[in-house]
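Student: I have a model open here and some questions about it. Can we go through a few local features?

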Amino acid sequence: ATIRRTEPTAGSGDSARRFGTQRVLVEPDAASGVAVMKFKNPPVNSLSLELLTEFIISLEKLENDKTFRGVILTSDCPRVFSAGLDLTEMCGKNPAHYAEYWKAVQELWLRLYLSNLVLIAAINGACPAGGCLISLTCDYRILADNPKYLIGLNETLLGIVAPFWFKDTLVNTIGHRASEQALQLGLLFLPAEALQVGLVDQVVPEDQVLSTALSVMARWMAIPDHARQLTKNMMRKTTVDRLVKQRDADIQNFVSFISRDSIQKSLQMYLEKLKQKKG
Ligand SMILES: CCCCCC/C=C/CC(=O)SCCNC(=O)CCNC(=O)[C@H](O)C(C)(C)COP(=O)(O)OP(=O)(O)OC[C@H]1O[C@@H](n2cnc3c(N)ncnc32)[C@H](O)[C@@H]1OP(=O)(O)O
């Protein structure tokens with residue numbers, strides 16, 4: 001994926017010169033040091049290998065540019081933040097592909113969870129599974145108050161299991177008992193429920209998600225970077241190290257699990273159900 005610069009928006013000057021890739025739009029505002037990163041992989045921002053790769057490239061570019069201290073993650077697709085991992089990447093492929101794909105999923109989580117940037121999720125659509133995981137890696141989550149925008153780690157509903165580092169991220173956010181129940185039942189929370197359980201930090205009207213994210217960002221960026229970054233690292237490094245210490249074993253575990261006939265059948269049936277839903 002190549003990083004492309006696009007023309008600045010009208011009357012905005014350099015600080016709004018956008019850049020990004022085909023599936024990840026980046027709207028930087030150098031004046032405030034905040035960039036808005038929008039997933040653009042219609043129709044549902046499924047986390048394909050391409051999107052994961054472009055996401056990592058764009059995030060790295062922002063982290064390496066000291067102009068930027070905060071990034072807001074949001075969706076360019078209507079009604080969906082992200083439908084999670086791309087099921088077609090986990091169905092009917094070969095072990096080598098599954099390994100490559102899972103490595104990219106691990107990489108994105110590792111980069112996001114320990115990012116020095118202030119990361120705020122402006123959740124402007126449905127946020128199941130891998131989409132929920134991305135929002136959980138952020139420092140703060142704002143969800144649009146729309147009953148259609150469910151959020152949660154629903155893997156068991158597909159007959160699969162969230163790996164331990166998905167689980168750890170949820171436990172670090174909503175606690176052990178709430179996570180145990182949510183993961184086993186594959187709960188998808190309504191906005192009010194997600195707020196109540198602590199899965200999101202704020203629920204606001206749909207047209208205020210981005211403006212709320214910008215004002216919360218200002219509050220987080222008022223903290224001296226070094227102190228905030230060391231504190232974030234103190235809070236999260238143990239969780240990250242658990243995966244770092246066993247990345248290859250985790251990949252092998254994923255490949256053997258996802259390759260099982262029974263799992264492949266579950267995923268195929270789930271994909272069929274999604275397609276019939278439209279019928
Ligand atoms: C140790 C082992 C570890 C195993 C792995 C564990 C981790 C897994 C994490 C995951 O993320 S698994 C993916 C789980 N995702 C979901 O369950 C969400 C499924 N999608 C939906 O619920 C809905 O699509 C939506 C997000 C609520 C949006 O609904 P909407 O009605 O707006 O769109 P649809 O008509 O349902 O979908 C449009 C189109 O997109 C296809 N699609 C939807 N989700 C995915 C996906 N995750 N991957 C690939 N494709 C997806 C859907 O099939 C439709 O396709 P069509 O060709 O246009 O019919």
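Tutor: Start with Pro-43, which sits in the loop between β4 (34-39) and α1 (49-64). Keep in mind that this is a predicted model.

Student: What kind of peptide bond joins Pro-42 and Pro-43, cis or trans?

Tutor: The bond between Pro-42 and Pro-43 is cis, with omega at about 10°.

Student: What about Asn-45, where is that found?

Tutor: Asn-45 also belongs to the loop between β4 and α1. Its phi is positive, about 50°, although Asn-45 is not a glycine.

Student: Switching to the ligand. How many residues surround it, and which are the closest?

Tutor: The ligand is surrounded by 30 residues, and the closest are Ala-83, Leu-85, Leu-87, Tyr-270 and Lys-277.

Student: Now helices. At what angle do α4 and α5 pack?

Tutor: About 135°, with the axes of α4 (residues 164-174) and α5 (residues 176-185) 7 Å apart. The two helices are therefore oblique to each other. The crossing of α4 past α5 is right-handed.

Student: Which residues make the contact?

Tutor: From α4, Lys-167, Leu-170, Val-171 and Ile-174; from α5, His-176, Ala-178, Ser-179, Ala-182 and Leu-183. By class, that contact has 6 nonpolar, 2 polar and 1 charged residues.

Technical notes
Residues numbered from 1 in each chain as written. Predicted model: local features only at pLDDT ≥ 70, side-chain atom pairs only at ≥ 80, totals over all residues. Heavy atoms only, no water. Axes fitted to C-alpha atoms, helices over the stretch in contact; angles between N-to-C directions. Helix = DSSP H or I, 4+ residues; strand = E, 2+ residues; numbered from the N terminus. Parallel < 35°, antiparallel > 145°, perpendicular 65-115°, else oblique. Left-handed = near helix turned anticlockwise from the far one by under 90°. Contact = heavy atoms within 4.5 Å. Nonpolar A, V, L, I, M, F, W, Y, C, P; charged D, E, K, R; others polar. Near = heavy atom within 4 Å.
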